[in-house]
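User: Could you walk me through this structure before I set anything up?
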Amino acid sequence: MSQLPPNPPQGGLDDQSKPPAASPALVRNRPASVQLRQPATAGDTSGSSGGADQSTQALGDALKVVYRFLQFGMVVLVVVFLFSGLKSVKEGERGIRVAFGKAQANDLTPGFQLSLPQPMGDILKIDTGNRNITENDQFWPAGSGASRYADDTTLSRSGRNNLDPIQDGFLLTGDLGMGHAIVSVSYGRDPDRVYEFARAIHPDAEQAIVFGSVRRGIVRAAASVTIDQFRKDSVMQAEALRVAQKSLDDLDA
């Protein structure tokens, strides 16, 4: 008797692994898992799409307000920059208007003056008031305390009968006398020549230049008088002033 297995079903062994087909009745009665809707129109504000449109509109309005503030701020900054060249020249001062490194006006009177904003332009203000300086070391003996500036009699009793040329200052007169001096100087810048001053003298070097001219004038004045004339302030002052002023004039100051 034959032991062959019965004939396999039509389609081979693979057909046994497939799931059974669904019943048409079940397919018709099963609810849909995907729901299709009509797209929302421009006037439809209901649902989640309407909320997103409102958020976008609010964000756009906020950006417009910020943009307007930025425009206003930029206009204000431009106006402030243009008027930053407006400066006040006070009483006792003279101004020089400078544009692109060149002087445009040399004698601006006190009041509000306008120039190009920095760094394109500027107004240099020159103080024409008097200034006082004192020279009490160059031509006076070294020391400290009130006794340093005592009169001749007190100094002669202090026990010092010699001078150290390195520490002590002194002046030699025309008759080889030796004297000491404390100098007080009052000077000012010529209001009619502020441009020449600004061109020739740097403000940081001004006091040193004046001191140097005054010292030169005092040395020349002392060398041209006797010790008796040296004691007369009027004689010394006139000659020292003449020499010091000539030194400054030679500098075109």
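User: Okay, what kind of model is it, and how many helices and strands does the chain have?
Analyst: This is a predicted model, and its protein chain has seven helices and nine strands. Of the 253 residues, 22% count as buried, and the accessible surface comes to about 19,000 Å², of which 57% belongs to carbon and sulfur atoms.

User: And what share of the contacts comes from residues 24 or more positions apart?
Analyst: Among contacts with a separation of 6 or more, residues 24 or more positions apart account for 64%.

User: Switching to charges, how many salt bridges are there?
Analyst: The count comes to nine salt bridges. One of them pairs the side chains of Arg131 and Glu206, at 3.8 Å from N to O. That pair links distant parts of the chain, since Arg131 sits in strand β6 (residues 131-135) and Glu206 in helix α5 (residues 206-223), 75 residues apart.

User: Is Glu206 buried or exposed? And what about Arg131?
Analyst: Glu206 is buried, with a relative accessible area of 4%, whereas Arg131, at 32% relative accessibility, counts as partly exposed.

User: Which other pair links distant parts of the chain?
Analyst: Arg199 and Asp252 do, with their side chains meeting in a salt bridge at 3.2 Å from N to O. Arg199 belongs to helix α4 (residues 194-200), while Asp252 lies in the segment after α7 (233-250), and the two are 53 residues apart. Arg199 is exposed, with a relative accessible area of 54%, and Asp252 is partly exposed at 28%. Asp252, which follows α7, also has a positive phi, near 60°.

User: Where do Asp250 and Lys246 lie?
Analyst: Both lie in helix α7, four residues apart, which is about one turn of the helix, and their side chains meet in a salt bridge at 3.3 Å from N to O. Asp250 is exposed, with a relative accessible area of 56%, whereas Lys246 is partly exposed at 47%.

User: Which residues of α7 are buried?
Analyst: They are Met236, Ala240, Val243, Ala244, Ser247 and Leu248. These residues cover an arc of only 135° around the axis, which puts them on the same side of α7. What covers them includes α5 and α6 (227-230), while the face turned away from the buried side carries the exposed residues Ser234, Ala238 and Leu241.

User: Last topic, which residues form the nonpolar patch on the surface?
Analyst: The patch is formed by Val75, Val78, Val79, Phe81, Leu82, Phe83, Leu86, Phe100, Phe112, Leu114, Leu116 and Met120, with about 1,200 Å² of accessible area together. The elements that give two or more residues to the patch are α2 (47-83) and β4 (111-114).

User: Which of them gives the most?
Analyst: Helix α2 gives the most, with six residues. Val79 has its place in helix α2, and at 41% relative accessibility Val79 counts as partly exposed.

Technical notes. Residues are numbered from 1 along each chain as its sequence is written. This is a predicted model: local features need pLDDT of at least 70, side-chain atom pairs count only at pLDDT 80 or more; totals for chains, interfaces and linings use all residues. Side-chain values use heavy atoms; hydrogens and water are left out. A salt bridge is a side-chain nitrogen of Lys or Arg within 4 Å of a carboxyl oxygen of Asp or Glu. Buried means under 20% relative accessible area, exposed over 50%, partly exposed in between (1.4 Å probe, protein chains only). Patches are made of residues with over 30% relative accessible area and no salt bridge: like charges are joined within 9 Å, nonpolar side chains (Val, Leu, Ile, Met, Phe, Trp, Tyr) within 5 Å. Accessible areas come from the Shrake-Rupley method with a 1.4 Å probe; for residues, only the protein chains shown count as cover. Contact means heavy atoms within 4.5 Å. The arc is that of the directions from the helix axis to the C-beta atoms.
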